[in-house]
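Here is a note for a colleague who is new to this structure. Please read the points with the model open beside them.

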Amino acid sequence: LLIVDNTFNTPYWQNPLELGANPVIHSATKYLGGHSDLVAGLVIVDREELGEEMHFIQNGAGAVLAPHDSWLLIRGIRTLGVRMEEIESNTKRIAEYLVDHPQVGNVYYPGLADHPNREIHEKQSGGYGGMLSFTVASEEKALDVLQKVRYFTLAESLGAVESLISLPAKMTHASIPRERRLELGIEDGLIRVSVGLEDVEDLLEDLEQALD
């Protein structure tokens, strides 16, 4: 089995089942729900035998959503397309701005022309999504940026209507030894951003005042 986590790209941009992956998983808490008011996960298969196995596990373990959570997820999926289009538009603008900022080192976003293996991404996906990371000179500088932003909410999650910002070395990846984090490219000054639906000019001004 080739299991693909398609949370970041969502079914709007990428369909791994059509590329031969099976099963595909999503943290539906993120883009599919899209409003920071739901905790859910999805497993998608296109083989009957896998579907029967998943049904057996769900039936035995009770791993099903409550009716209200199911309704919230359906509501989120209905606006997925328009949200992803706007989120990506905002993210591209922010990535281009960060590339030229003197306080910023590396910018990691597949929508940038020099992103490694971008051609592979474009073969598999119809878009680039709303997740980006960038580096500043030090952990102290990164913490300063996180303290100064006003439109970005400090949080580990992603994929919601609001823009979120985090410091992986101190948050999502804090349990990994520093030496291993550095091997993986997770520098002390690496900042992760999940771009939301706010006016992009507000987001750019917020980053500018925080970085400067």
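1. Where is the place of N22? N22 sits in the loop between α1 and β2. Helices (H or I, at least four residues) and strands (E, at least two) are DSSP runs, numbered from the N terminus.

2. Some ground rules come next. This is a predicted model, in which local features need pLDDT of at least 70, side-chain atom pairs count only at pLDDT 80 or more, and totals for chains, interfaces and linings use all residues. Residues are numbered from 1 along each chain as its sequence is written, and side-chain values use heavy atoms, with hydrogens and water left out.

3. N22 counts as buried because its relative accessibility is 2%. Buried means under 20% relative accessible area, exposed means over 50%, and partly exposed is in between (1.4 Å probe, protein chains only). Leaving aside neighbours within four places in sequence, N22 is in contact with L1, L2, I3, L17, I44, V45, D46, R47 and L50. Contact means heavy atoms within 4.5 Å.

4. N22 and P23 are joined by a cis peptide bond, with omega about 0°. P23 is also found in the loop between α1 and β2 (24–27). Most residues other than glycine have a negative phi, and most peptide bonds are trans.

5. Two phi values deserve a look. T10 has a phi near 65°, a positive value in a residue other than glycine. T10 lies in helix α1. T10 counts as buried because its relative accessibility is 1%. S36 has a phi near 55°, also positive in a residue other than glycine. S36 has its place in the loop between β2 and β3 (41–44). At 48% relative accessibility, S36 counts as partly exposed.

6. Now the whole protein. Its secondary structure comes to eight helices and eight strands. The C-alpha trace spans about 55 × 35 × 35 Å along its principal axes. With 212 residues, a compact globule would have a radius of gyration near 17 Å, and the 18 Å of the protein agrees. That radius is taken over C-alpha atoms, and the globule rule is 2.2 Å times the number of residues to the power 0.38.

7. How much of the protein counts as buried? The share is 42% of the 212 residues. The accessible surface comes to about 11300 Å², and 52% of it belongs to carbon and sulfur atoms. Accessible areas come from the Shrake-Rupley method with a 1.4 Å probe; for residues, only the protein chains shown count as cover. Among contacts between residues at least 6 apart in sequence, 64% join residues at least 24 apart.

8. On charge, the protein has 17 positive and 34 negative side chains. The centres of the two sets lie 3 Å apart. Lys and Arg count as positive and Asp and Glu as negative; His and the chain ends are not counted. The place of a charge is taken as NZ of Lys, CZ of Arg, CG of Asp or CD of Glu.

9. Turn to helix α4. It covers residues 80–99, which is 20 residues. From first C-alpha to last it reaches 28 Å, close to the 28 Å expected at 1.5 Å a residue. The expected span is 1.5 Å times one less than the number of residues. Its buried residues include L80, M84, I87, T91, I94 and L98. What covers the buried residues of α4 includes α1 (10–13), α3 (67–78), β4 (107–108), β5 (131–135) and α8 (200–211).

10. L80 is buried, with a relative accessible area of 7%. L80 touches T10, P11, Y12, Y31 and L32, not counting residues up to four places away in sequence. N90 also lies in helix α4. N90 counts as buried at 3% relative accessibility. The C-alpha atoms of N90 and D199 are 109 residues apart along the chain and separated by 8.0 Å. Leaving aside neighbours within four places in sequence, the contacts of N90 are V195, G196, L197, E198, V200 and L203.

11. Last, look at I165 in strand β7 (residues 164–166). Is I165 buried or exposed? I165 counts as buried because its relative accessibility is 0%. I165 and L146 are 19 residues apart in sequence and 7.2 Å apart in space, C-alpha to C-alpha. Not counting residues up to four places away in sequence, I165 touches L146, V149, F152, T153, L154, A155, I191, R192 and V193.
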